[in-house]
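Visitor: I am new to protein structures. Please show me how to read one.

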Amino acid sequence: MWKPPQKIKHEVDPGPWPTADQAAKSLLYSPVRVGRLELEQRTWVPAMVPWRASEDGFVTEDVLDWYERFARGRPGAIVIEATGIRDVPSGPLLRIGHDRFVPGLGELARTVHRASDGHTRLFIQIIDFLAIKRRPDPTTYFRKYLRITDRLRRNLEAEYWPEERIREHLIALADDDLDEILDERELEALRMGYRERVDDVHLPHIRELPQVLPDLFAQAARRAMEAGIDGVELHYAHAYTMASFLSARNRRTDGYGGTREARARLPLEVYARVREVVGPDYTVGCRFLTDDCIAGGSTPEDAEYFGAAFARAGMDFLSLSRGGKFEDARQPAVGWSVYPYTGPSGYECMPVVISDEFGPFGRNAAPAARIRKAIRAAGFETPVVLVGGFHGFERSEAALRRGDADIIGSARQSLADPDWFRKVQLGRGAETRICKFTNYCEGLDQKHKQVTCQRWDREQMDAHTRRTKDGKRRMTAPAWPA
Ligand SMILES: Cc1cc2nc3c(=O)[nH]c(=O)nc-3n(C[C@H](O)[C@H](O)[C@H](O)COP(=O)(O)O)c2cc1C
């Protein structure tokens with residue numbers, strides 16, 4: 001993962017813990033309305049993909065165990081990982097693109113409600129993503145994938161060469177020469193792997209996204225409702241389709257790109273169709289970015305506009321993340337796909353303890369405060385969820401008191417210790433297992449390995465401990481009380 005060049009090591013310090021009485025009087029442990037639902041407390045476990053679904057996208061025993069473990073800590077809400085809305089193979093990522101997925105998701109909803117004794121609300125993040133290919137071996141790329149166009153022939157001064165000769169010639173060329181001859185997208189396909197864009201409107205399936213996506217999202221939301229999940233989070237963040245529509249990099253000229261208004265159009269149309277299908281009572285919100293954190297991307301000013309527009313449209317909550325884009329991601333090894341959390345914008349999304357002067361904690365707080373303020377100024381009370389390095393009571397409470405947000409999400413800290421909400425509430429915060437913020441979990445995610453935490457991998461292991469496929473790590477956090 002990319003790290004800021006300053007390489008300043010920051011200490012992880014959760015700060016003082018409250019007594020049970022102080023927790024009971026805190027904002028963090030006070031209820032908040034989210035649409036027609038009430039969360040008992042303003043704590044939130046954001047979406048995290050743990051690579052535990054079956055190869056064809058179904059809920060497995062491991063998925064049930066994973067969410068059951070979070071539910072035992074009784075946070076205000078848990079968001080189920082990014083779940084695909086299309087009925088297409090996508091490896092062991094959860095899917096919701098067909099009614100056959102409903103029974104498994106129903107089992108998941110019952111598991112979470114039971115394990116939290118009804119204290120936790122369950123949302124599901126629903127996602128669309130575009131095609132992305134692995135970085136090819138250069139010889140294969142030139143022999144098999146590169147399209148030999150007239151422009152390429154002209155660049156090579158090889159107008160009359162047979163295609164095969166051009167391909168073999170390209171294989172022998174040095175990188176510098178290729179820079180002169182191939183265009184930007186061809187170079188990207190060669191060096192990073194081919195990746196579709198929302199403004200590739202010459203491709204019919206990309207041109208038609210505005211016609212296709214509203215109903216795909218809406219049917220996915222209906223299935224979530226039928227499964228007994230309490231609400232949906234439309235995934236409008238990071239590197240995926242909807243975030244790419246919102247991004248200032250979206251250059252579509254068909255009314256769905258360019259200006260802010262046009263970029264927000266499809267996200268608003270998706271929401272409108274979802275609402276039409278699930279009705280007024282079901283909780284629907286979205287996750288989007290306070291800042292793309294890439295050159296030419298959307299800024300907090302854009303996000304203020306989007307936040308107010310989503311609130312005006314009637315969304316029930318707005319969860320704010322930052323960065324996590326493909327555009328600045330690191331070059332993958334041959335045979336691997338580019339991963340959106342490996343560049344500077346990825347750092348902004350999931351910062352680690354090796355950082356710059358600001359450090360890894362609360363990087364999204366000031367932009368979130370700004371966007372919440374814009375939403376309030378537009379006349380809406382829509383609750384805002386903030387994440388980014390929260391791992392203690394004091395900082396979380398202070399962010400709420402300052403008005404940065406209405407709900408505090410903590411992903412990696414909740415992974416390290418899913419019981420920490422309970423521990424703090426009971427005045428036993430000192431027993432919390434604190435995240436090291438080194439992105440051990442994220443490293444596993446990147447390799448599509450079952451996600452675990454270095455803080456619990458070797459704890460309380462015995463012959464009965466369920467282990468990862470490689471047998472080395474435990475699958476869920478150790479029990480508490482032990
Ligand atoms: C293993 C892992 C998987 C993640 N998967 C998702 C995801 O499916 N959807 C999403 O919006 N964010 C995802 N994230 C990002 C988190 O939701 C969160 O925004 C990020 O970790 C920053 O919050 P934190 O500092 O509390 O960890 C993931 C993070 C981790 C560590």
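Guide: We will look at helix packing, then domains, then the ligand.

Guide: This is a predicted model: local features need pLDDT of at least 70, side-chain atom pairs count only at pLDDT 80 or more, and totals for chains, interfaces and linings use all residues. Residues are numbered from 1 along each chain as its sequence is written.

Visitor: How do I read the packing of α2 and α3?

Guide: Two packed helices are described by the angle between their axes and the distance between the axes. Here, α2 (residues 61–71) and α3 (residues 102–115) pack at about 30 degrees, with axes 8 Å apart. That makes α2 roughly parallel to α3 (angles under 35 degrees count as roughly parallel).

Visitor: Which residues of α2 and α3 make the contact?

Guide: Contact means C-beta atoms, placed from the backbone, within 7 Å. From α2 come V63, L64, Y67, E68 and A71. From α3 come E107, L108, T111, V112 and A115.

Visitor: Where are domain 1 and domain 2 in the chain?

Guide: Domain bounds come from an automatic or database domain assignment. Domain 1 covers 8–133 + 199–446, and domain 2 covers 138–191. Their C-alpha centres lie 41 Å apart.

Visitor: How many residues surround the ligand?

Guide: A residue is near a molecule if its C-beta atom, placed from the backbone, lies within 6 Å of it. Here 25 residues surround the ligand, and the closest are P46, A47, A82, A411 and R412.

Visitor: Which element gives the most to that shell?

Guide: That is α19, with three residues. β5 (77–84), α17 (412–416) and α19 (440–446) each supply at least two. Helices (H or I, at least four residues) and strands (E, at least two) are DSSP runs, numbered from the N terminus.

Note on methods
Axes are lines fitted to C-alpha atoms, for helices over the stretch in contact, and angles run from 0 to 180 degrees between N-to-C directions. Angles under 35 degrees count as roughly parallel, over 145 as roughly antiparallel, 65 to 115 as roughly perpendicular and the rest as oblique. Two residues are in contact if their C-beta atoms, placed from the backbone, lie within 7 Å.
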